[in-house]
Amino acid sequence: MKALKKLLKHSQPHDWFFRGAFRGKAPAEFLENYESPDQLNLLNLKAMVIESNHLQELKDSLIADLIITVPFKANPKQMVSYCIEHQSKPDPLMPIRTMRYKLALLSRAANEDPKHIPIVKSLVLYTGQYHYPDKTSLSSLSKSPEGWESSDKEAVFDLIWSREAEKTAKGKYYPLILKAFNTRYDKDLKRVEALFDNLSQMKSPGDQEFVKLVRRYVYVVHSKDKTEALVELESAIEAKKGGEKMQSAAECLVRLGSIQSIKKYKNDWKKQGKEEGKLEGVQQVALMMRKQGFSEKIINKVTAPVKSQECIVHT
């Protein structure tokens, strides 16, 4: 939970979602989609180590967003480190950045154990709307005269575009992470509907933090005028599956709130969540929602079930 709170303080929702989503089994699924079966067979995925600037206290700011380190089965001391950077927009200097990350990782490894320097693979998970520009090699950054032969034409990082990767992604979590990123470009909310439908099927307690993170991201990245449509969409999906159509006020506030207000609203509701304080809590919830500009229709939809005691508030 401490790691998740740090993520929510991050100013960019795409970054805190990226770092928060790639936990648990998601990193292994990522590698299973990225590497060939023959390559995977050489790796001991059970001994995988995950590093992130927000999941651990990494003092080196030159380390990339996410590092997945996996030992070989034949030689556990020899590792492969996948140095992964997330980009929601193209960066023309990305070849230099990825080389800097790679050098920092190699330098750290050389200081710790010079006899076992890891193999480092640089990757960029790009979640932008349009094709990434052809700027993946060092030579692409320079304007060489015609006829000049360059030795650095090879790409210095592998590019994974979420919009393309989603089409063939396999697994339980990784495809949903890509789909969540891609909902930003979903004008008719069809992809959001498919995503919410997938999330509604994840009932195990171990999946609930992941489900909350994905839902929170979808609500945060969509414009305010789509909030009612998103709530209606989720309610309809839950009703079809025989669940409660109306959501509790606390749950809706977690979904509707800004990154900074999510924590505040959730804590406030916990303090007021006792039976004798329900009605007063609902009144304060309605007041907060009015101040944020939500319509009376959505306010009534959120608070009416609690007022009529038709549903239980979950905290």
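**Entry 1: the sheet**

I began with the sheet: five strands form an open one in the order β1-β2-β3-β4-β5, with mixed pairing. I count strands as DSSP runs of E with at least two residues and helices as runs of H or I with at least four, numbered from the N terminus. Two strands pair if DSSP finds at least two bridges between them. This is a predicted model, where local features need pLDDT of at least 70, side-chain atom pairs count only at pLDDT 80 or more, and totals for chains, interfaces and linings use all residues. Residues are numbered from 1 along each chain as its sequence is written, and side-chain values use heavy atoms, leaving out hydrogens and water.

The edge strands are β1 and β5 (158-161), each pairing on one side only. Neighbouring strands are turned by 20° against each other on average, direction ignored; the axes here are lines fitted to C-alpha atoms. I then looked at β4 (residues 119-126), which pairs with β5 in the parallel sense over four bridges. Tyr126 stands opposite Trp161 in β5. A reminder to myself: strands of a sheet pair through backbone hydrogen bonds, either parallel or antiparallel.

**Entry 2: helix α2**

Is helix α2 (residues 13-21) enclosed or open? Nine of its nine residues are buried, so the helix is largely enclosed by the rest of the structure. For burial I use relative accessible area with a 1.4 Å probe and protein chains only: buried is under 20%, exposed is over 50%, and partly exposed is in between. The buried residues of α2 include Trp16, Phe17 and Phe18, and also the charged Asp15 and Arg19.

**Entry 3: salt bridges**

How many salt bridges are there? I get nine, taking a salt bridge as a side-chain nitrogen of Lys or Arg within 4 Å of a carboxyl oxygen of Asp or Glu.

I looked up Arg19 again and found its salt bridge with Asp65, where the closest N and O atoms are 2.4 Å apart. The pair links distant parts of the chain, 46 residues apart: Asp65 is in the loop between β1 (49-52) and β2 (66-71), and Arg19 is in helix α2. Both Asp65 and Arg19 are buried.

My next pair was Glu166 and Arg191, whose side chains meet in a salt bridge at 3.3 Å, N to O. Glu166 lies in helix α6 (residues 162-168) and Arg191 in helix α8 (residues 190-200), so the pair ties together parts that are 25 residues apart in sequence. Glu166 is buried at 15% relative accessible area, while Arg191 is partly exposed at 25%.

Contact here means heavy atoms within 4.5 Å.

**Entry 4: confidence**

Last, I checked pLDDT, the predictor's confidence in each residue, from 0 to 100. The chain mean is 76, and 70% of the residues reach 70 or more. Residues 54-60 stay under 50, and the model has 18 contacts for them beyond four places in sequence. Residues 244-250 are also below 50, with 23 contacts in the model beyond near neighbours in sequence.

Terms used: Axes are lines fitted to C-alpha atoms, for helices over the stretch in contact, and angles run from 0 to 180 degrees between N-to-C directions.
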